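Here are my notes for a first reading of this model. Please keep the structure open beside the text and look up each residue as it comes up.

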Amino acid sequence: PLRQYGEKVFMPAKTLTTTENTRASFQGNLDKWVYPAIGDIKLPEITSAQISALLLDMQGKGKAHATVVKVYTILNSLFKMAYLSDMIARNPMDKVERPKPKKDEIKPQTAQAYTAQEIRDILAALEVEPLKWRAFIHLLIDTGVRRGEALAVQWEDVDFQENTIIIRNNLCYTPAKGVYLDTPKNGRSRVVDVGEDTIELLKQLRKEQIAGAKFVFTQDGSLKPMHPTSPTRYFRQFSKRHNIQGFHPHKLRHTFASVAITAGADVASVSEALGHSDTAVTLRM
């Protein structure tokens, strides 16, 4: 049965090659959607029609397009593995179309980065915000690091003489594992340059922090690192307070890339700063 293959072969293989976050996402979607629908059917007997019916059923229940596509992607990976290992003679996913969004789910294209003036407005609004968040957002704008990478920075990673930070970890969370440190997305550490304003904010933050703190960004009144979901909640509140549309950590990452390239930085250098494995990823961004 598909469930047995998923538990004994597919997920153990994915555990070796994917991050904990990805593994948890795969497992959650298999348990919630795939196994209840087709988990008890033998792999060679599963048809394209049954898989299409599963995806259509998800759409009919109002599940977000991204969730339906995620299940499609997981099934694609599972059946490809089964086919390449000769568990099945044909791959039923070959005749399953990638799900399309429903008409009411198609959203107008919005800008993925802020303009220089919008960034100035954000920085002005930040002046009345707590020091921790001022430093956090300045760091994202300055360097383009990912949210989890910023949260994982420890004081030993900050070079106040050279105005640089080494990005060596990524702070993650899954319900099963809790908060944990992982490597950056591409598996490599990198050094990023930090502006003078951000360095000054970090110096202030270090003075105000509880003695003995290892992490730059900690929970209030604690030595523990800030929870990975805290920025999402804070950004939403900041957006409402200051009427800044679509305020999100990843949009600041895109902004860093756009501003840097517009200012004349070469794509290879920007790609390296962002921690992309390929300059093509940077150019698509």
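1. Rings of Phe, Tyr and Trp are taken to pair if their centres lie within 6.5 Å, and planes under 30 degrees apart count as stacked, over 60 as edge-to-face and the rest as tilted. In this model, which is predicted, the count by that rule comes to 11 aromatic pairs. One of them is formed by Phe10 and Phe26, whose ring centres are 6.1 Å apart with the planes at 15°, so this pair is stacked. It links distant parts of the chain, since Phe10 belongs to helix α1 and Phe26, 16 residues away, to helix α2. Phe10 is buried at a relative accessible area of 0%, and Phe26, at 8%, counts as buried too.

2. Tyr234 and Phe238 make a tilted pair, with 6.0 Å from centre to centre and 40° between the planes. Because they are 4 residues apart in helix α9, about one helical turn separates them. Both belong to a cluster in which ring pairs also link Tyr114, Trp133, Phe136, Phe217, Phe235 and Phe247. The charged end of Lys251 sits over the ring of Tyr114, 4.4 Å from its centre.

3. Helix α6 is mostly covered, with 12 of its 13 residues buried, Trp133 and Phe136 among them. At 1.5 Å a residue α6 should span 18 Å, which agrees with the 18 Å between its end C-alpha atoms.

4. The largest pocket, with a volume of about 610 Å³, is lined by 24 residues, and Asn21, Arg146, Arg147, Gly148 and Asn170 lie nearest its centre. Strand β3 gives the largest share of this lining, 4 residues.

Definitions and conventions: Residues numbered from 1 in each chain as written. Predicted model: local features only at pLDDT ≥ 70, side-chain atom pairs only at ≥ 80, totals over all residues. Heavy atoms only, no water. Helix = DSSP H or I, 4+ residues; strand = E, 2+ residues; numbered from the N terminus. Expected span 1.5 Å × (residues − 1). Buried < 20%, exposed > 50% of the residue type's maximum accessible area, 1.4 Å probe, protein only. 1 Å grid on protein atoms, 1.4 Å probe; cavity = no way out; pocket = protein on both sides within 12 Å on 5 of 7 lines; lining within 4 Å. Points joined across faces, edges and corners; volume = space filled by probe spheres on them. Lys NZ or Arg CZ within 6 Å of the ring centre and 35° of its normal.
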